[in-house]
Amino acid sequence: MNFYIKLSLCCSFIVSTLSFADTNINFDIDENGLYEDQERKALLNYLQQQYPELSANYDTNDDGGVSILEQTDGRLPLSLRISRDEVTSNEEKVSWALNLFPEWIMTAYFQDDVEVGEVDSHSARGNSVRNATQSTTSLRPEKETEYGGIEFKENSGEFLTMSGQREARWAYRWTIFTFRIDAESGDDDTTVMVDINQGNASNKSSPKIWYNKTTGLNIQFLGRNENGLDKRLMTTKTAVVADGETWNVVVTGIRYGQMFASVNGVILSTESTQPERYANSEIGNDTSSYIGDDSDGNMAWAYDTLAFGLTEPTEAMVRKMTGWAAHRLDDGNSAIILPNSHIYKSNNPVMDKEDFPTRYIHDNEQWTAWGTSINSTDVKVNGGGSPVEVEGFERVFYDDFRNDRVKASYSGESDLWSAPGFNTAVGASATLIAPNDTTNVYEFDESEQKQSLSLLKVNDRWKAAAFYSVNDLGYGYTWEGPKIFRIRMMFPEVAQADLAGGLFPAFWSYDPDFLFWRTANRIEVDWFEFDGKNGTWLNGLASHYHYAAVDNIFAKSAESYKSYKAYSGQMTEAKSKIAGGMEFWDGEYHTWEFVVDDDITYINVTIQDSDGNDQWVEVGRVSTPPTYLERLDLQLDYALRSSDGEPSSDREDFTIDSIEVLQKTRNIMELPDIFSSRPVITGDKTEGSTITCQANIVDITDIRYYWFANAYPLTYTASNEYQITADDVGKNMRCMVKAVGALDSPEAWTESVRIPAVQTPIAPGEIKLQKSI
């Protein structure tokens, strides 16, 4: 049933039409698939009625419309202010537009923003405005009609250019491209339509989209792996229509290390299986991006929309994007280009749960109250005493560095520790470097099973080391909720008089969310930082909510909030209450433990008792702030602050014996709704056999599988199969399933499965009686 009602807005000069298809409400009056200011005001009026918590005067200049700035100024984005459950339960559904939640649009070009005529500039919308321009008159495309698109004539070499986007690997995680092309035109076989950060290297020409008269549509991303360039390419001749009149819809990107692409609602795949993981390199500022092909033999083509955005869309969101673009280009009631089976073939997308991912919402009053309540007496109330025994935790991750697993963070080869990480400022005066064959700041002792991070002086310049549990794109190992982080480590014995004041090693965490949402502030927790200026000084639980990676209007405050520290002081016996006190450069191994429970967070450490054995003592405690319970990675580094004093030696080592993570059993055994039942490991459980992790997930295909043996992280892959090795025999195998194609990437664990040791059969005549005990 369709019916229409006229609704007069508060301003007398405009009348809006709301269309209801069943219970779908459409505020996109001009039906261009975008919410303009007057439409946005009508939308907000409706949303305030449905969700009173949104009540405000958004039209602050009384012009009859609400701009994105007016909607957001001093407030969180709508996607963080509306309850997902309320949206799901509401029978009335609001028509969806790409800019309904504008915080995720980084750079977007819509033909609506170009006047009819010659196109010398296409103004961009979004967080990062990079206008596409052409200064040469003969090379300018043209917009001939209002909705005909930006047209590039055949054999013209017409193109637009934009400044390169060095943040593209984080800021352009998805692309929507709508185009039409005439494959019968042009002298050349190939026409490039989109080329971001043009070049033939990691993170260059990603994405690059072109049409070839033989292979059809081609979509490319370039990363890096142990063999060099990691080229991901998807092509289709059948899913695209190249008649010069039909609009085609491309939605593409990288999702947790795997390329995805939908063309006119058809899911593409690569010709050969994609490598299991993906990462790419940082690029400089000297790149350029292009819309169009400067070759004189190009085919005739046109585009309607080219949009890039933040975060990695779910499978459902890819379908929604596709449906939105197809209906935007179709004058009828159905999106002709989509397959009949597509969910949005006959229906426009609506606002639904996919628009409301779970994200951290900062309460600065609560944060300030927590930080200002910290006092040394309360922190050290049990200093030097026996640690509190917390219950309900079990080990989920344990690396005893039996293998050399530190790999380049910008390469897909990394499946555990990634170095040097995405924050290049961490080394301070020393330059962070990746593992390499000539300058080794990641020395691995195979016989002792120890991993070091080092400061190394090379030609009078210091090099530094850091590694993370995620790679540069944020893929890897992270832990949410209550958790225990343990690290057993050692610094060589150095007397304070000989200790370089600039030494600054650390064990810390980020919430990688800010790599996916560049408009968000960044959570950081520094579990410990040691300082060469005083070898007994502990900076413990330094807690930060940092500035956003890009200037934007969507963070309530894009600047850093005030930081707080639970423990800042000397670990002498008098100050810490720990018998004998502690000096960190003492040549002894200590295990540091950070227990993040629901209410209280504890710092514990091992010292030597009178017999030389490890003895646990508490260092301090503080009430647990919400940031500690967010999804956190693990990071280690050895930095140098030269102004405070450089070492007299050419090398300083930070040696790691083991790293361990525990989580609450109740949390890891939860089964998210997307799972029909708990994942299970199937197959022959013997050395050399292949076992399978059966995910038991409904309607999601993009899944990652994390394999563990006695909590040792074996690998994580897009494949659900693992071949049992000799090292796995006698251990408990477990698989953690991460549904990256679903909202919030829910996780579920299998039960442990024992890989039995093979009993050697005894030949006849060799049976021996056991000695009685």
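Colleague: How many bridges join strand 30 to strand 37, and which way do they run?

Modeller: Strand 30 and strand 37 (residues 635-640) are antiparallel, with 6 bridges between them. Strands here are DSSP E runs of at least two residues, and helices are H or I runs of at least four, numbered from the N terminus. Two strands pair if DSSP finds at least two bridges between them. Bear in mind that this is a predicted model: local features need pLDDT of at least 70, side-chain atom pairs count only at pLDDT 80 or more, and totals for chains, interfaces and linings use all residues. Residues are numbered from 1 along each chain as its sequence is written, and side-chain values use heavy atoms, with hydrogens and water left out.

Colleague: Which residue of strand 37 stands opposite Ala506?

Modeller: Asp637. Strand 30 also pairs with strand 31 (residues 522-531), again antiparallel, over 5 bridges. In that pairing Phe507 stands opposite Phe528.

Colleague: Is strand 30 buried or exposed?

Modeller: Buried: 8 of the 8 residues of strand 30 (residues 503-510) are, so the strand is largely enclosed by the rest of the structure. Buried means under 20% relative accessible area, exposed over 50%, and partly exposed in between (1.4 Å probe, protein chains only).

Colleague: Which residues sit on each side?

Modeller: In a regular strand, side chains alternate between the two faces of the sheet. On one side of strand 30 are Leu503, Pro505, Phe507 and Ser509, and on the other Phe504, Ala506, Trp508 and Tyr510. Both faces are covered.

Colleague: Switching topic. Where is Asn471?

Modeller: In the loop between strand 28 (461-468) and strand 29 (483-490). Asn471 is buried, at 1% relative accessible area.

Colleague: What is Asn471 in contact with?

Modeller: Leaving aside neighbours within four places in sequence, Asn471 is in contact (heavy atoms within 4.5 Å) with Tyr278, Ala279, Ser409, Ser418, Phe422 and Tyr716. A polar atom of the Asn471 side chain also lies 2.9 Å from the backbone nitrogen of Leu473.

Colleague: How many cavities of 30 Å³ or more turn up?

Modeller: A search of the whole structure gives 6. A cavity is a set of points on a 1 Å grid over the protein atoms alone where a 1.4 Å probe fits but cannot get out, and lining residues have an atom within 4 Å of a point. Points are joined across faces, edges and corners, and the volume is the space filled by probe spheres set on them.

Colleague: What volume does the largest cavity have?

Modeller: About 260 Å³. Of its 22 lining residues, Arg359, Tyr360, Ala520, Asn521 and Tyr545 are the closest to the centre.

Colleague: And which residues lie nearest the centre of the second largest cavity?

Modeller: Ala168, Arg169, Tyr172, Phe221 and Ile254, out of 14 lining residues. That cavity has a volume of about 140 Å³. Helix 4 (168-171) and strand 17 (248-255) each supply at least two residues of its lining.

Colleague: Last topic, backbone geometry. Where are the cis peptide bonds you looked at?

Modeller: One joins Ser206 and Pro207, with omega about 0°. Another runs from Ala419 to Pro420, with omega near 0°.

Colleague: What about the phi of Asp460?

Modeller: Positive, about 70°, although Asp460 is not a glycine. Asp460 lies in the loop between strand 27 (450-458) and strand 28, and counts as exposed at 67% relative accessibility.

Methods. Polar contact = N/O pair within 3.5 Å; in protein donor to acceptor, adjacent residues only side chain to side chain. 1 Å grid on protein atoms, 1.4 Å probe; cavity = no way out; pocket = protein on both sides within 12 Å on 5 of 7 lines; lining within 4 Å.
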